Amino acid sequence: MLDSFDFDLSEEQRLVRQTAKDFAASEVAPLARKVDHEHYFPKELIPKLSSLGFMGVFTPEAYGGAELDYVSYGVVVEELARMCASTSVIVSAHNSLCIWPILAFGTEEQKKKYLPKLASGEYLGCFALSEPGTGSDAARQTCSSVKEGTSWRINGVKNWITNGPEADICVLFTMEKPELKHKGINCFIIEMKNHEGVSTGKKEDKLGICGSPTSNISFEDTLVGDEQLLGAPGDGFKIAMSTLDGGRIGIACQAVGIARAALEDSVAYAQERKAFGQPIGKFQSIQNYIADMSCRIDAARLLALAAAKRKDAGVPYGREAAQAKLFASEMSVDCALKGIQIHGGYGYVKEFNVERYLRDAKITEIYEGTSEIQRLVIAGHLFKA
Ligand code: CAA
């Protein structure tokens with residue numbers, strides 16, 4: 001009902017959206033409360049997501065993917081987030097932060113080796129850039145990679161890694177030459193399971209997106225061969241930044257999905273709940289909230305899909321992606337708060353879902369670059385122009 005502002009989607013993109021929507025309603029929604037309340041990783045969804053192509057949305061068919069465009073990817077993430085933000089970020093980190101850099105920077109051998117297993121959901125992917133002391137200032141990597149013949153020795157700790165505890169493949173960033181600053185950073189494809197020197201920490205006990213597993217990853221004298229290097233030595237920072245440009249579109253779509261959930265639940269509630277002898281939706285205060293939520297959700301979706309469309313067209317989209325993420329994440333928190341206000345006391349208890357939407361929305365202002373960093377990126381583009 002409330003998703004009619006569809007950015008002039010093509011026939012194929014509409015079909016993808018309907019498929020994602022039906023799947024989210026029939027398979028994701030029934031698990032969403034368990035995922036949140038029990039911090040449950042919905043592993044049973046992975047094969048089903050894979051069978052619909054959602055674990056390899058834009059991976060080419062030649063590597064076992066669905067070969068859809070980035071707009072379709074955004075649409076899928078929104079529909080999953082409408083029902084369960086945890087599920088949506090498991091899918092988005094896997095697709096945009098792990099598959100995309102391998103697709104964009106990998107050798108043919110690396111693509112053939114990893115993409116089919118990632119796209120089929122046999123492997124789950126993650127992206128390891130942040131460290132305990134390195135978040136927004138991503139160039140200040142301390143996890144080290146030291147060349148030893150045809151191998152690399154890796155030491156250090158990565159923090160806040162989405163999918164970390166469950167991941168099979170990690171796109172990892174390390175510092176080789178600190179004197180070169182960001183130009184001294186390398187990127188590796190790391191096989192996580194049964195790899196000596198690789199271990200994951202405790203699952204973080206988070207405020208929201210509770211079923212999306214997050215942990216640190218430690219590397220202790222981890223040895224990898226040259227063939228695991230993604231891109232050339234020193235390319236790491238550019239790989240990280242360009243990967244995040246695309247990832248931010250996914251987070252914007254996630255934020256839109258969460259906000260839509262807040263709106264749709266609020267519209268339903270406002271028509272049922274009576275006060276002063278009539279449904280509260282008859283009161284202008286509630287109508288104002290609902291109208292503002294609707295406008296801002298559609299505006300955020302337009303920004304997100306416009307950025308995705310630019311990515312599909314092969315034109316620069318870094319500023320557009322940052323704008324979409326900034327606007328959508330702040331909008332999402334605001335919509336979740338309004339949703340709680342509309343629900344009154346019922347909005348503050350776990351019997352209803354709106355309090356979850358607020359907890360889930362908040363992270364979209366933090367991960368894949370805080371709102372402060374998005375503003376910095378946007379202004380940086382404008383000053384460069
Ligand atoms: N694409 C390609 N190259 C880029 C780029 C981009 N988007 N942005 C910058 N670069 C290049 C620049 O062109 C420059 O290259 P040259 O030296 O050749 O000129 C180089 O990178 C350095 O650029 P800056 O001087 O702008 O870099 P900086 O050190 O000032 O950092 C920053 C810029 C925007 C603050 C960046 O550090 C940043 O984005 N920080 C936030 C990091 C982030 O989003 N972290 C989230 C972690 S992922 C996550 O959340 C985990 C998860 O599991 C969900």
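Visitor: What should I know about the model before we start?
Guide: It is predicted, so local features need pLDDT of at least 70 and side-chain atom pairs count only at pLDDT 80 or more, while totals for chains, interfaces and linings use all residues. Residues are numbered from 1 along each chain as its sequence is written, and side-chain values use heavy atoms, with hydrogens and water left out.

Visitor: What makes a stretch a helix or a strand here?
Guide: Both are DSSP runs numbered from the N terminus: helices are H or I with at least four residues, and strands are E with at least two.

Visitor: Why is phenylalanine 173 called buried?
Guide: Buried means under 20% relative accessible area, exposed over 50% and partly exposed in between, with a 1.4 Å probe and protein chains only. Phenylalanine 173 has 0% relative accessibility, so it counts as buried. This residue lies in strand E4 (residues 169–175).

Visitor: What is phenylalanine 173 in contact with?
Guide: Contact means heavy atoms within 4.5 Å. Leaving aside neighbours within four places in sequence, the partners of phenylalanine 173 include Phe127, Ala128, Leu129, Cys143, Ile185 and Ile239. Phenylalanine 173 and serine 130 are 43 residues apart in sequence, with their C-alpha atoms 8.8 Å apart in space.

Visitor: How is alanine 128 classed, buried or exposed?
Guide: The relative accessible area of alanine 128 is 0%, so alanine 128 is buried. Its place is in strand E1 (residues 125–128). Beyond four places in sequence, alanine 128 is in contact with Lys158, Ile161, Cys170, Val171, Leu172 and Phe173. From alanine 128 to asparagine 159 there are 31 residues in sequence and 7.4 Å in space, C-alpha to C-alpha.

Visitor: Why does glutamate 320 count as buried?
Guide: Its relative accessibility is 17%, so glutamate 320 counts as buried.

Visitor: How do you know that the buried residues of H10 are on the same side?
Guide: The buried residues of H10 are Ser371, Ile373, Gln374, Val377 and Ile378. They cover an arc of only 160 degrees around the axis, which puts them on the same side of H10; the arc is that of the directions from the helix axis to the C-beta atoms. The face turned away from this buried side carries the exposed residues Glu372, Leu376 and Phe383. Helix H6 (236–272) and helix H8 (318–343) are included in what covers the buried residues of H10.

Visitor: What makes H1 roughly parallel to H3?
Guide: Axes are lines fitted to C-alpha atoms, for helices over the stretch in contact, and angles run from 0 to 180 degrees between N-to-C directions. Helix H1 (residues 11–37) and helix H3 (residues 70–83) pack at about 25 degrees, with axes 8 Å apart. That angle makes H1 roughly parallel to H3, since angles under 35 degrees count as roughly parallel, over 145 as roughly antiparallel, 65 to 115 as roughly perpendicular and the rest as oblique. The contact residues include Val16, Ala20 and Phe23 of H1 and Val71, Val75 and Leu80 of H3.

Visitor: What is the handedness of the crossing of H1 and H3?
Guide: The crossing of H1 and H3 is right-handed. A crossing is left-handed if the near helix is turned anticlockwise from the far one by less than a right angle, and right-handed if clockwise. H8 passes H10 in a left-handed crossing.

Visitor: Why is histidine 39 called partly exposed?
Guide: Histidine 39 has 24% relative accessibility, so it counts as partly exposed. Histidine 39 lies in the loop between H1 and helix H2 (45–51), and its phi is positive, near 50 degrees.

Visitor: How is lysine 181 classed, buried or exposed?
Guide: At 61% relative accessibility, lysine 181 counts as exposed. Its place is in the loop between E4 and strand E5 (185–191). Lysine 181 is not a glycine, yet has a positive phi of about 55 degrees. Most residues other than glycine have a negative phi.
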